[in-house]
Amino acid sequence: MTITRPIKTVDELADAGLIADRDREALDAVAERYAIAVTPDMARLIDRDDVNDPIARQFVPDAAELLMTPEERADPIGDHAHSPVEGIVHRYPDRVLLKAVHVCPVYCRFCFRREMVGPQGLGTLDPAAMTAAFDYIRGDDAIWEVILTGGDPLVLSPRRLRDILEQLADIDHVKIVRFHSRVPVVDPDRIDAALIEALKASGKTVYVALHANHPCELTTEARAACARLVDAGIVMVSQSVLLRGVNDDPAVLAELMKAFVETRVKPYYLHHPDLAPGTSHFRLSIEEGQAIVASLRGRISGLCQPTYILDIPGGYGKAEIGESSIRKTGEGCYSVSDYNGQEHIYPPRGA
Ligand code: SF4
């Protein structure tokens, strides 16, 4: 069967041969809670005969998502605690997130914003909210970088993107515009001349942080899409999530990092999986993560080394959690320092 449109329902997953009939009842329950989308490019990559297929694991819903654990939380990285106006998250002095849209081309089953994205999510900022968001950015001259995230900002039309970026053009203290996106991998044809021109419409330095988790995502088409961005003067960095059953293997992770570097995407962040609801089947321990990351050293070039980080639950920001940056305080318990030097217990108490 040729798949030409995104798969968005349990019925469509069944028609595409991506789920078994016996799982439908449980997956209907998952679908009531969390959005589903698999692009044709990703559906084509899935090996239907491989029950451990790493692409299916990322995008095809699983009954395990119905299991919630006590430490999980709807807003695992504490966006709401740092949102002064709708659509803005201001966690660090020199940068803000601008969440213009809460729609994605794919819905990752481990998503840290899974309670906010999708058709039942927070939607798209209306014109009044966009104006308030720009006023906020304009009013704080410490804001050096604006990070468009969401949702995936590259689902917006080139015209919408241009409108947003032209607003940033007039704000002198903003020097960097960064986009967090999965589009170059999951829908590479979308990266065309019109979209690239729109991304550059602010006249600022533009970064695209590409989210990919397994080397097979870096297809010929995805690499060509990244090449179009880089050739246009856009700097690319990577972000990946360390996921059980996807990339929790030093050889797979090394191959992923090398694929990024070959594609002119500098490895940047490797995230420890967040405490998002219904995602415990993806989580590994910090000790397991540290061992995998440590094994990359010496195995592959320094260019290929990502920084292993934890978003501290509660909105305290990112902490590097390589072996030297985190202190074990008990069995399965750690103390991690935020960027102010304040220590936090992980997992949080009383969750
Ligand atoms: S693309 Fe990002 S925001 Fe969207 S579902 Fe995946 S992880 Fe979540």
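This is a predicted model: local features need pLDDT of at least 70, side-chain atom pairs count only at pLDDT 80 or more; totals for chains, interfaces and linings use all residues.
Trainee: What are the bounds of the two domains, and how far apart do their C-alpha centres lie?

Mentor: The chain is divided into domain 1, residues 10–66, and domain 2, residues 80–325. Between the C-alpha centres of domain 1 and domain 2 the distance is 24 Å.

Trainee: Which element gives the largest share of the side of domain 1 that touches domain 2?

Mentor: Start with the contact itself: 20 residues of domain 1 meet 21 residues of domain 2. On the domain 1 side, two or more residues each come from α3 (40–45) and α4 (54–59). By class, that side has 13 nonpolar, three polar and four charged residues. The largest share is five residues, and the element that gives them is α4.

Trainee: Which feature does UniProt place at residues 90–303?

Mentor: Over residues 90–303 the chain is 33% helix and 18% strand. The name in the UniProt record, an unreviewed entry, is "domain: Radical SAM core".

Trainee: How many nonpolar, polar and charged residues are in the shell around the ligand?

Mentor: The residues around the ligand include Cys104, Cys108 and Cys111. Also among them are Arg113, Asp152, Arg182 and His211. Sorted by class, the shell has five nonpolar, three polar and three charged residues.

Trainee: Which strands are at the edges of the sheet of nine strands?

Mentor: This open sheet runs in order from β1 to β9, with mixed pairing. Its neighbouring strands are turned by 30 degrees against each other on average, direction ignored. An edge strand here pairs on one side only, and the two that do so are β1 (88–92) and β9 (317–320).

Trainee: What is the bridge partner of Leu210 in β6?

Mentor: Strand β5, residues 205–211, runs parallel to strand β6, residues 235–241. Five bridges join β5 and β6. In β6, the partner of Leu210 is Ser238.

Trainee: Why is one side of β10 and of β12 left without a neighbour in the sheet?

Mentor: The open sheet of three strands has the order β10-β11-β12, with antiparallel pairing. β10 (326–330) and β12 (343–346) stand at its edges, so one side of each has no neighbour in the sheet, and each is left with a single partner strand.

Trainee: Which residue in the turn between β11 and β12 has a positive phi?

Mentor: Strand β11, residues 333–337, pairs with β12 in the antiparallel sense over four bridges. Across these strands, Val336 stands opposite His344, and the bridge partner of Tyr334 is Tyr346. β11 and β12 form a hairpin with five residues between them, and the residue in its turn with a positive phi, about 85 degrees, is Gly341.

Trainee: What is omega for the cis peptide bond from Tyr346 to Pro347?

Mentor: A cis peptide bond also joins Gly150 and Gly151, with omega of about 10 degrees. Gly151 is in the loop between β3 (145–149) and α6 (158–169). Pro347 is in the segment after β12. For the bond from Tyr346 to Pro347, omega is near -5 degrees.

Trainee: Where does Arg264 lie?

Mentor: Arg264 is not a glycine, yet its phi is positive, about 65 degrees. Its place is the loop between α10 (250–262) and β7 (266–271).

Note on methods. Residues are numbered from 1 along each chain as its sequence is written. A residue is near a molecule or strand if its C-beta atom, placed from the backbone, lies within 6 Å of it. Ala, Val, Leu, Ile, Met, Phe, Trp, Tyr, Cys and Pro count as nonpolar, Asp, Glu, Lys and Arg as charged, and the others, Gly among them, as polar. UniProt positions are given in the numbering used here, feature names are shortened, and annotations may be inferred rather than shown by experiment. Domain bounds come from an automatic or database domain assignment. Two residues are in contact if their C-beta atoms, placed from the backbone, lie within 7 Å. Two strands pair if DSSP finds at least two bridges between them. Axes are lines fitted to C-alpha atoms, for helices over the stretch in contact, and angles run from 0 to 180 degrees between N-to-C directions.
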